[in-house]
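Here are some notes to read beside the model.

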Amino acid sequence: EKAAIASLDKAAADEDIPAINQALSVAESLSLEGSSAYKNAVAVVRMVRSRIAAIAAVEAVLQSNDAEDIEEAVDRAVRLGVDSGSALVQKATAKVEELRKLEACRSKLQSAKNGRD
């Protein structure tokens, strides 16, 4: 049992999903589902899956031209543990800045146009 719990703890600390799944199977065969190590490992799997989903959401929303949607997806990803310095976050942040600049230009052009009418 101690080895199974140690294996769960190590796999969870490493966020190694295949190792966690294997350790969970061993723990289940030993009826350790109630242990804190087991519960922690399950929570880590959920957290990593949520992080992966958040990354996918950022990648998907980058196809849009909606700065707010991109910002919301990035904020969620960072809250879930995606590195704020990652290439994906930097790319999304740059796109938001670009979209904001474009909107400012559109607004100035519209103001100028309205001033001429």
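1. Start with α1 and α3. They pack at an angle of about 25°, with their axes 9 Å apart. Axes here are lines fitted to C-alpha atoms over the stretch in contact, and angles run from 0 to 180 degrees between N-to-C directions. Helices are DSSP runs of H or I with at least four residues, numbered from the N terminus. That angle makes α1 roughly parallel to α3 (under 35 degrees counts as roughly parallel, over 145 as roughly antiparallel, 65 to 115 as roughly perpendicular, the rest as oblique).

2. The model is predicted: local features need pLDDT of at least 70, side-chain atom pairs count only at pLDDT 80 or more, and totals for chains, interfaces and linings use all residues. Residues are numbered from 1 along each chain as its sequence is written, and side-chain values use heavy atoms, with hydrogens and water left out.

3. Which residues join α1 to α3? From α1 come Ile5, Leu8, Asp9 and Ala12. They meet Ala37, Tyr38, Asn40, Ala41 and Val44 in α3. Contact means heavy atoms within 4.5 Å. The residues of this contact divide into 7 nonpolar, 1 polar and 1 charged. Ala, Val, Leu, Ile, Met, Phe, Trp, Tyr, Cys and Pro count as nonpolar, Asp, Glu, Lys and Arg as charged, and the others, Gly among them, as polar.

4. Now α1 (residues 2–14) against α2 (residues 17–29). The angle is about 160°, and the axes are 9 Å apart. That makes the two helices roughly antiparallel. The contact uses Ala4, Ser7, Leu8, Ala11 and Ala12 of α1. From α2 it takes Ala19, Ile20, Ala23, Leu24, Val26 and Ala27. The tally is 10 nonpolar, 1 polar and no charged.

5. Look at α5, residues 87–116. It has 30 residues and reaches 43 Å from its first C-alpha to its last. That is close to the 44 Å expected at 1.5 Å a residue (1.5 Å times one less than the number of residues). Leu88, Val89, Ala92, Lys95, Val96 and Leu99 of α5 are buried. Buried means under 20% relative accessible area, exposed over 50%, partly exposed in between, with a 1.4 Å probe and protein chains only. What covers these α5 residues includes α3 (36–61) and α4 (67–79).

6. Finally, find Arg51 in helix α3. Is Arg51 buried or exposed? At 17% relative accessibility, it counts as buried. Leaving aside its neighbours within four places in sequence, Arg51 is in contact with Glu15, Leu80, Gly81 and Val82.
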